[in-house]
Structures are given as structure tokens and as C-alpha cells.
Amino acid sequence: MKVAFLGASKGMGRALARQLASRGAQLFLLGRDLDDLGRSAADLQLHGASGTVGSGSCDLLQPQSFGPALDQASAAMNGLDIVVVTAGLFATQEQLEEDPELTARLLAADFTNTILFCEEARKRLLAAGGGTLCVFSSVAGERGRKPVILYGAAKAGLSHYLEGLDHKFRSQGLRTIAVKPGFVKTGMTAGLKAPPFAGEPDDVARAVAKAIERGTPEVYTPGVWRMIMLVIRNLPRAVMRRIGF
């Protein structure tokens with residue numbers, strides 16, 4: 001499988017890239033820091049990636065970089081089978097309320113520009129007869145909640161977009177996978193209080209790699225979050241106002 005991967009250098013992205021490499025995938029890494037990508041490429045070679053792991057510049061805050069980056073990946077691997085997007089921004093609700101500029105960057109990166117990148121990927125995969133688009137959203141988008149109002153709003157929009165793609169294009173060969181992690185112990189969540197059911201990046205990566213193989217359209221990971229969010233989605237609004245979850 002030939003995989004273009006945006007966000008493979010850190011946390012869950014790194015763990016998933018290693019999982020795909022161990023399955024013999026051919027990988028092309030996309031990101032802003034070419035030195036960092038080079039180090040990640042060398043690491044993935046050691047984990048079993050097929051052929052030479054390439055890399056190219058792509059900045060989630062620079063939409064004009066999306067098309068050329070995907071074309072570079074496709075040319076290097078003689079086509080694309082899978083496009084993975086784990087890149088994104090995170091900040092606490094308190095940080096976002098105090099910093100409008102940070103809020104604008106986060107909303108652009110996690111909603112508008114992720115969708116624009118996916119649109120470029122969608123067009124290329126469909127033109128080649130189909131493929132898999134695997135994108136990390138979040139359980140934060142399942143319902144409006146006090147601690148993640150702004151971040152959750154971006155992820156809610158992204159999740160709806162990915163579901164719409166699956167409805168419209170699955171019959172044309174595009175397999176869309178929306179990954180909805182709960183709390184995972186990564187650099188992104190460092191300093192935040194972890195709940196009892198916090199996940200580990202390697203466990204998330206194994207679940208997502210299986211979903212890519214099977215074409216599963218929606219993945220909650222750790223799996224307990226599916227039931228947690230089922231409860232949260234059905235709580236009355238008056239209860240949601242009283243609790244801090």
C-alpha cells in the first residue's frame with residue numbers, strides 16, 4: 001500500500017506510521033519541518049517500511065501547499081492508495097478564550113484547512129479509481145461540552161464532513177475513515193489530568209491500522225469512548241449545563 005501521511009512525526013501519528021511501516025507500507029511523509037520528517041523517515045525504514053520513505057513540504061496553515069504536496073507524494077510512489085491525516089492543533093478552552101489569534105489558527109487548521117486538504121486527496125484518489133482517506137477527528141466533536149467548546153466545534157464540523165464523504169463516495173471506491181480518539185497520553189495532552197480510561201498511542205495505532213485494512217468508516221479509540229459518548233449524547237441539556245465533562 002502506498003500511503004501519503006500528513007502528521008507522522010509526533011504522538012498518535014508517529015505510532016500509526018510505525019504500524020503501517022511494520023505492515024510493509026510504502027510511505028511518503030508530509031509536514032512543515034523537513035529535518036523532522038527526515039528523522040521520522042529513517043525511523044520508519046527501521047520499522048519495516050517498503051522502499052525509501054520520502055518526504056515533502058506541506059503546511060496545514062498554507063492551503064496552497066496541499067495539491068503540490070500530494071502530487072509529489074504520488075509521483076514518488078507511482079500513485080496513492082491511502083492518505084492519512086493526523087496533523088492538527090490543540091489548545092485548552094481557557095487558552096483559546098484568551099487568545100483570538102490562536103483560536104483563528106486552530107479553527108483554520110482543524111476544520112477549514114483539513115477539509116481543503118481532504119478535498120485535494122479525495123479528487124486524486126477518485127481519479128485513480130478509489131482508495132482510503134483516513135482522518136483523525138475527535139470525540140470532542142460528539143457534543144458541545146464546556147471544556148472543549150472551540151476545539152470541539154472544529155472537530156464536529158470535520159466529523160460531519162467525513163461522514164458525508166462516506167455516504168456519497170463509498171460506492172465510487174473512496175473509503176473514508178473518521179478516527180475519533182478520546183483522551184490519549186501524548187505530548188498534546190501533557191499537563192492535562194488523564195481520566196482512568198486514557199489511551200496509549202500504540203493502542204490507538206493498532207486499532208486504526210485494522211480499520212484501514214477493513215475500511216471501517218468510524219473508529220472510537222480507546223473503544224470505551226464509543227459507550228461514553230453514547231451516554232453523553234443522550235444527556236439532557238440541563239444536565240450538561242451542570243456537569244464539567
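Buried means under 20% relative accessible area, exposed over 50%, and partly exposed in between, with a 1.4 Å probe and protein chains only. The model is predicted: local features need pLDDT of at least 70, side-chain atom pairs count only at pLDDT 80 or more, and totals for chains, interfaces and linings use all residues. Residues are numbered from 1 along each chain as its sequence is written, and side-chain values use heavy atoms, with hydrogens and water left out.

**Exercise 1.** Work out which parts of the chain the salt bridge between Asp 36 and Lys 10 ties together.

Solution. 
- The closest N and O atoms of Asp 36 and Lys 10 are 3.2 Å apart.
- Asp 36 sits in helix H2 (residues 34-46) and Lys 10 in the loop between strand E1 (2-6) and helix H1 (11-22), so the pair ties together parts that are 26 residues apart in sequence.
- Asp 36 is buried at 13% relative accessibility, whereas Lys 10 is exposed at 59%.

**Exercise 2.** Locate the cis peptide bond and the non-glycine residue with a positive phi.

Solution. 
- The cis bond joins Thr 221 and Pro 222, with omega about -10°.
- Pro 222 is in the loop between strand E7 (218-221) and helix H8 (224-233).
- Asn 78 has a positive phi of about 60° although it is not a glycine.
- Asn 78 lies in the loop between helix H3 (66-77) and strand E4 (82-85), and is exposed, with a relative accessible area of 66%.

**Exercise 3.** Compare the radius of gyration of the protein chain with that of a compact globule.

Solution. 
- The radius is taken over C-alpha atoms, and the globule rule is 2.2 Å times the number of residues to the power 0.38.
- For 245 residues, a compact globule would have a radius of gyration near 18 Å; the protein chain has 17 Å, which agrees.
- Along its principal axes, the C-alpha trace spans about 55 × 40 × 35 Å.

Definitions and conventions
Helix = DSSP H or I, 4+ residues; strand = E, 2+ residues; numbered from the N terminus. Salt bridge = Lys/Arg side-chain N within 4 Å of Asp/Glu carboxyl O.
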